[in-house]
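Dear colleague,

Please find the structure below for your records. My notes on it follow directly after.

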Amino acid sequence: MSTQDKIKTMIQENKVMLFMKGDRKFPQCGFSGMACQILDHIEASYTTNNVLEDNNIREGIKEFSNWPTIPQLYINGEFVGGADIMREMFESGELKKLIDQIG
């Protein structure tokens with residue numbers, strides 16, 4: 001399976017998928033930590049992938065989304081954005097609404 005296929009499968013199999021540095025218990029960068037804090041605060045059920053464990057995923061996700069930074073959030077198979085977009089959507093209440101819609 002190609003790296004792009006692996007990424008696509010992870011996104012399809014998880015309603016809320018966060019590609020990050022580290023994991024939710026031990027984020028390895030401030031932006032990934034903030035992303036987890038936001039998702040935890042709105043009580044989202046989400047899956048993470050530690051891109052530091054697989055450089056092919058780390059580089060492949062940037063190509064997949066055409067987005068240069070990590071973390072990256074996907075909801076219902078759609079790319080939502082990175083940490084700054086997540087923060088803006090959290091502050092406006094839009095992210096909670098999106099999460100609530102998927103149950």
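Asn14 sits in the loop that joins helix H1 (3-13) to strand S1 (16-20); helices (H or I, at least four residues) and strands (E, at least two) are DSSP runs, numbered from the N terminus. The model is predicted, so local features need pLDDT of at least 70 and side-chain atom pairs count only at pLDDT 80 or more, while totals for chains, interfaces and linings use all residues. Residues are numbered from 1 along each chain as its sequence is written, and side-chain values use heavy atoms, with hydrogens and water left out.

Asn14 is buried, its relative accessible area being 19% (buried means under 20%, exposed over 50%, partly exposed in between; 1.4 Å probe, protein chains only). Its side chain reaches the backbone oxygen of Met10 at 2.8 Å and makes a polar contact of 2.9 Å with the side chain of Thr47. A polar contact is a pair of N or O atoms within 3.5 Å; within protein, one must be able to donate a hydrogen and the other to accept it, and residues adjacent in sequence count only if both atoms are side-chain atoms.

In helix H3 (residues 55-65), the buried residues include Ile57, Gly60, Ile61 and Ser65. These residues lie on the same side of H3, because they cover an arc of only 115 degrees around the axis, the arc being that of the directions from the helix axis to the C-beta atoms. At the N-terminal end, Asp54 caps H3 through a side-chain oxygen 2.9 Å from the backbone nitrogen of Asn56. Asn66, which follows H3, has a positive phi near 60 degrees.

Yours sincerely
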